[in-house]
Amino acid sequence: METFPVIDLSKLNDGDDQRGSTMELIKDACENWGFFELVNHGISHELLDTVEKLTKEHYRKCMEQRFKEMVASKGLSAVESEVSDIDWESTFYLRHLPTSNMSEIPDLEEGYRKTMKEFAEELEKLAEQLLDLLCENLGLEKGYLKNTFYGSKGPTFGTKVSNYPPCPKPDLIKGLRAHTDAGGVILLFQDDKVSGLQLLKDGQWVDVPPMKHSIVINLGDQLEVITNGKYKSVMHRVIAQPDGTRMSIASFYNPGSDAVIYPAPALVEKEAEESQVYPKFVFEDYMKLYAGLKFQAKEPRFEAMKAIESTVKLGGPIATV
């Protein structure tokens, strides 16, 4: 079994040879895994430790009891057959761009709010650095991906804060059911002690190793479309664990709602226009479709957007049912 790609981002600054081999590792991870893990990514360990400490405290104080009540109300502790319509997770969402909703989230202490704002700013910089590294590997001009994501109001960027408590029936209930991510680039800060995240590679489920102070990167559906399939979004899931609560903080750097997404012309074969196998659409319309089909294969979503594209001239947002 190949080992999961772990990339030391600091080596980009260690001379041409190290930079070249690091870029090659990123290229291979994007083309063959859709996932990789970053170390020495430039976000301070002190900040990461504070984020983890405050997130776990917030869960214990504000979320744990609510989760137990939900489990009891749905009878999840006593299920006898596989549960296919609910996930064993406790979550809340923070929106950072184009506007923040941090001040509206109840129960967040001021220190936690401030820390998460600082963390989001660091992740935003890292996401934009990664997009330019992907441009370089793809032979696209610097800034192409960021500009494509921009739309009229800039990118959308938000964070899903999740905890996966110990589960009495991990064989019957998923922490999070298998799916691909709809958006652009996803940056995950995960628990380094309690595992559970897996991705599907060559028909096998592969563990994403928990590593202290690492940031796990995965590619969403929009990057598959823009690269015309050169990079692929990958099915992944979270396996609930019988012991320990797993923390997962996933930040999604996505296109703006009105950004128009389509394969980069430079990546579509000039002599064969039919090699453009992906649709052109407005990101917001893809998200409307995704909302109801998240836990299904992505290919029918692309086909549905293609069918809409063929009947509607892309001027403004497409009405999807």
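Tutor: Happy to. The largest nonpolar core has 79 residues, and those with the most contacts inside it are Ile 26, Phe 36, Met 116, Phe 119, Leu 134 and Leu 187. A nonpolar core here is a set of buried Ala, Val, Leu, Ile, Met, Phe, Trp, Tyr and Cys residues joined through side-chain atoms within 4.5 Å. Buried means under 20% relative accessible area, exposed over 50% and partly exposed in between, with a 1.4 Å probe and protein chains only. This is a predicted model: local features need pLDDT of at least 70 and side-chain atom pairs count only at pLDDT 80 or more, while totals for chains, interfaces and linings use all residues. Residues are numbered from 1 along each chain as its sequence is written, and side-chain values use heavy atoms, leaving out hydrogens and water.

Student: Which helix gives the largest share of this core?
Tutor: Helix α3, residues 110–138, with 13 residues. Helices (H or I, at least four residues) and strands (E, at least two) are DSSP runs, numbered from the N terminus.

Student: And what is Phe 36 in contact with?
Tutor: Beyond its neighbours within four places in sequence, Phe 36 has contacts that include Phe 4, Ile 26, Leu 130 and Ile 217. Contact means heavy atoms within 4.5 Å.

Student: Switching to helix pairs, at what angle do α1 and α3 pack?
Tutor: About 90 degrees, with the axes of α1 (residues 16–32) and α3 10 Å apart. Axes are lines fitted to C-alpha atoms, for helices over the stretch in contact, and angles run from 0 to 180 degrees between N-to-C directions. The two helices are therefore roughly perpendicular, a label for 65 to 115 degrees; under 35 is roughly parallel, over 145 roughly antiparallel and the rest oblique.

Student: Which residues make the contact?
Tutor: Among them are Met 23 and Ile 26 of α1, and Leu 133 and Leu 134 of α3.

Student: Where is the kink in α2 centred?
Tutor: On Met 63; the kink is about 55 degrees, and α2 spans residues 45–74. The bend at a residue is the angle between axes fitted to the seven residues ending there and the seven starting there. Met 63 is also one of the buried residues of α2.

Student: What do those buried residues pack against?
Tutor: Their partners include α3, β3 (90–97) and β11 (246–254).

Student: Last one: is Lys 153 buried or exposed?
Tutor: Exposed, at 57% relative accessible area. Lys 153 is in the loop between α4 (144–150) and β4, and touches Pro 98 and Asp 258, leaving out residues up to four places away in sequence.
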